[in-house]
Each structure stands twice: as structure tokens, then as C-alpha cells.
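Here are some reading notes to keep beside you while you turn the model around on your screen. Take the points in order, and find each residue before you read on.

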Amino acid sequence: GRGGAVISMGRATSKTSKLAREYTAALQRYLKCGGEADLERAYELGRQGLVDGLGVLGMVALHHQSLIGVLSHPASPQDLNRDTIRRAGMFFTENMSAFEMTHRAIGEANTALHRMNEALEEEIKHIAHALHDEAGQLLAAVHLSLDQMECQLDPEAKVRLQEVKGLL
């Protein structure tokens, strides 16, 4: 349901708990003095969330809980301002870029699989038509040969030949 991401965070595994602690610490560090290295860490934490099987909603819940934790204990009242919220958003956006890249890669893989499936279907049709055409030509040639042989057979053999032609 809609609360599934929050619920799944409540029943966190040790991996998810570790990720949550690392995420909170990295977010806090970025909001204090954040630089490019902290944004790279946000991305790496997003990748770790993917590896651990945490979905987008799980990462949203993790960010939300971490942000609440960080903002609940500001070092000073000046820490609670629009810039802090904007920077927290930048951290989260960088974190989610791993999910975005994965989403795009899955879309590209699905497109490639769709194209490959279409190519296989075309090849199957080509093989089926070739088999049908070759079998038809072979069957016609056998019928012509049997017709030529029929003239040279005695009546009993002609009856058996008709049975064979019926099977063909």
C-alpha cells in the first residue's frame, strides 16, 4: 500500500539500518559543509540502496527519516532555513540518480529485448516459409516421379502406389 515504504523501513534489516545510519551521517555532513565528495557519497548510498533491494519509496522514506532526524537537532536556529532544505533536496536528487540511471538502463534493455524478439519472430517466419516452400517442391517432385513410375507397374503395385500417393 501507500505506507509500504515506511513500514518496510520500520522492519529494517541490518543492511538497511546501516544504510540509514550512513545516509543520515552523510546528509548531516553535506548540510554542514557539503562539497562534491559528499554528493558523490549520496550517489554511492543510492547505489547501495539498489544493491540492498531498497526501492524508490524506501529511499524516499530513508531520506525523509534522515532529514527529520537532522533537522530535529539543528546546531543553531540559522541551520533551519530554505537553503538547508534546498541543499537536502540536492543531496536527495544525487542519491536518486543511481535509481534514475538504473531505470533508464532497464528501459533500454527492454527496448533491445523487444527488438531481438521481433527479429527472432521474423526469422521463425522466414524458416517456416522456407520449410513450407521446400517441402511443397519436394512433394510435387515425388508425385511427378511416382506418376512416371506408375506406367511401368503391374496392377497390384499400382494399387499400393495409389495408397502411398494418398499418404503423400
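1. E122 and K125 form a salt bridge, with their closest N and O atoms 3.8 Å apart; the term stands for a side-chain nitrogen of Lys or Arg within 4 Å of a carboxyl oxygen of Asp or Glu. Both residues sit in helix α5, three residues apart, which is about one turn of the helix. E122 is partly exposed, with a relative accessible area of 49%, and K125 is partly exposed as well, at 45%. On this scale, buried means under 20% relative accessible area, exposed means over 50%, and partly exposed is what lies in between (1.4 Å probe, protein chains only).

2. A word on where the values come from. This is a predicted model, in which local features need pLDDT of at least 70 and side-chain atom pairs count only at pLDDT 80 or more, while totals for chains, interfaces and linings use all residues. Residues are numbered from 1 along each chain as its sequence is written, and side-chain values use heavy atoms, with hydrogens and water left out.

3. Now for the overall picture. The chain has six helices and zero strands, so read along the sequence its pattern is α-α-α-α-α-α; helices (H or I, at least four residues) and strands (E, at least two) are DSSP runs, numbered from the N terminus. Of the 168 residues in the chain, 24% are buried. The accessible surface comes to about 11,900 Å², and 59% of that belongs to carbon and sulfur atoms; these areas come from the Shrake-Rupley method with a 1.4 Å probe, and for residues only the protein chains shown count as cover.

4. Contact here means heavy atoms within 4.5 Å.

5. Back to the salt bridges, of which the structure holds eight. One of them joins R41 and E22, at 2.9 Å from N to O. R41 lies in helix α3 (residues 36-51) and E22 in helix α2, so this pair ties together parts that are 19 residues apart in sequence. Both ends are partly exposed: R41 has 31% relative accessibility and E22 has 26%. Salt bridges that share partners also join K18, E22 and R41 into one network.

6. Stay in helix α3 for another pair. The side chains of R47 and E44 meet in a salt bridge of 3.7 Å, N to O. These two are three residues apart in the helix, so about one helical turn separates them. R47 is partly exposed at 42% relative accessibility, and E44 is partly exposed at 40%.

7. Next, look for aromatic rings. What describes a pair of them? The distance of the centres and the angle of the planes do. The structure holds two aromatic pairs; rings of Phe, Tyr and Trp (its six-membered ring) pair if their centres lie within 6.5 Å, and planes under 30 degrees apart count as stacked, over 60 as edge-to-face and the rest as tilted. The rings of Y23 and F91 have centres 5.2 Å apart and planes at 75 degrees, so this pair is edge-to-face. It links distant parts of the chain, as Y23 is in helix α2 (residues 14-33) and F91 is in helix α5, 68 residues apart. Y23 is buried, with a relative accessible area of 0%, and F91 is buried, also with 0%.

8. Y30 and F91 make a tilted pair, 5.7 Å centre to centre with 35 degrees between the planes. Here too distant parts of the chain are linked: Y30 in helix α2 and F91 in helix α5 are 61 residues apart.

9. Is R87 buried or exposed? R87, in helix α5 (residues 82-150), is buried yet has no salt bridge, and the nearest side chain of opposite charge, D83, is 4.3 Å away. (Lys and Arg count as positive, Asp and Glu as negative; His and the chain ends are not counted.) Leaving aside residues up to four places away in sequence, R87 touches Y30, L31, C33 and G34.

10. Last, the cysteines. C33 is exposed at 60% relative accessibility, and C151 is exposed at 66%. A disulfide is a pair of cysteine sulfur atoms within 2.5 Å, and by this rule the count is zero.
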